[in-house]
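Please read the points below alongside the coordinates.

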Amino acid sequence: LRSSDHRVQAQSSGALRNLAVNVENKVRIAQEGAIQPLVSLLCFSNDEVDEQSAGALWNLAMNAAALRSSDHRVQAQSSGALRNLAVNVENKVRIAQEGAIQPLVSLLCFSNDEVDEQSAGALWNLAMN
């Protein structure tokens, strides 16, 4: 993900995109710190890199189990991804269907400011019409 080669970035993002379909892999990918580099790749000037990193983040975000992780970094990153995805109307429906609203509400009582901010932001975006 941190390579300067666009092909390597696209291929590694694509691999994570495919791996993130599996629930256990989603949590592991987040725990290994891949979310921040994927987000950074979204600002790249290469369409293939953008597409693959966005797809990987989408697959990672569509998992309420990651929100239930005991790792506050995983919780914050997962909530943040849902926050960003929830600005789109179609995504709001899918996020609700995936069962992410209750875990986001539960995270509001967490003792970590970043988790609180991201989960509140996700709920705010989900609530907006």
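**Notes on the model**

1. D5 and R7 join their side chains in a salt bridge at 3.0 Å, N to O (a side-chain nitrogen of Lys or Arg within 4 Å of a carboxyl oxygen of Asp or Glu). D5 is partly exposed because its relative accessibility is 26%, while R7 counts as exposed at 59% (buried is under 20% relative accessible area, exposed over 50%, partly exposed in between, with a 1.4 Å probe and protein chains only).

2. This is a predicted model, in which local features need pLDDT of at least 70 and side-chain atom pairs pLDDT 80 or more, while totals for chains, interfaces and linings use all residues. Residues are numbered from 1 along each chain as its sequence is written, and side-chain values use heavy atoms, without hydrogens and water.

3. D5 also caps the N-terminal end of α1, with a side-chain oxygen 2.8 Å from the backbone nitrogen of R7. Helices are DSSP runs of H or I, at least four residues, numbered from the N terminus. The buried residues of α1 include Q9, A10 and L16.

4. The salt bridge count is four. One of them pairs D71 with R73 at 2.8 Å, N to O; D71 is buried at 16% relative accessible area, whereas R73 is exposed at 52%.

5. E117 and R83 form a salt bridge with closest N and O atoms 4.0 Å apart. This pair links distant parts of the chain, E117 in helix α9 (residues 113–127) and R83 in helix α6 (residues 72–85), 34 residues apart. E117 is partly exposed at 46%, and R83 is partly exposed at 26%.

Methods:
Helix = DSSP H or I, 4+ residues; strand = E, 2+ residues; numbered from the N terminus. Polar contact = N/O pair within 3.5 Å; in protein donor to acceptor, adjacent residues only side chain to side chain.
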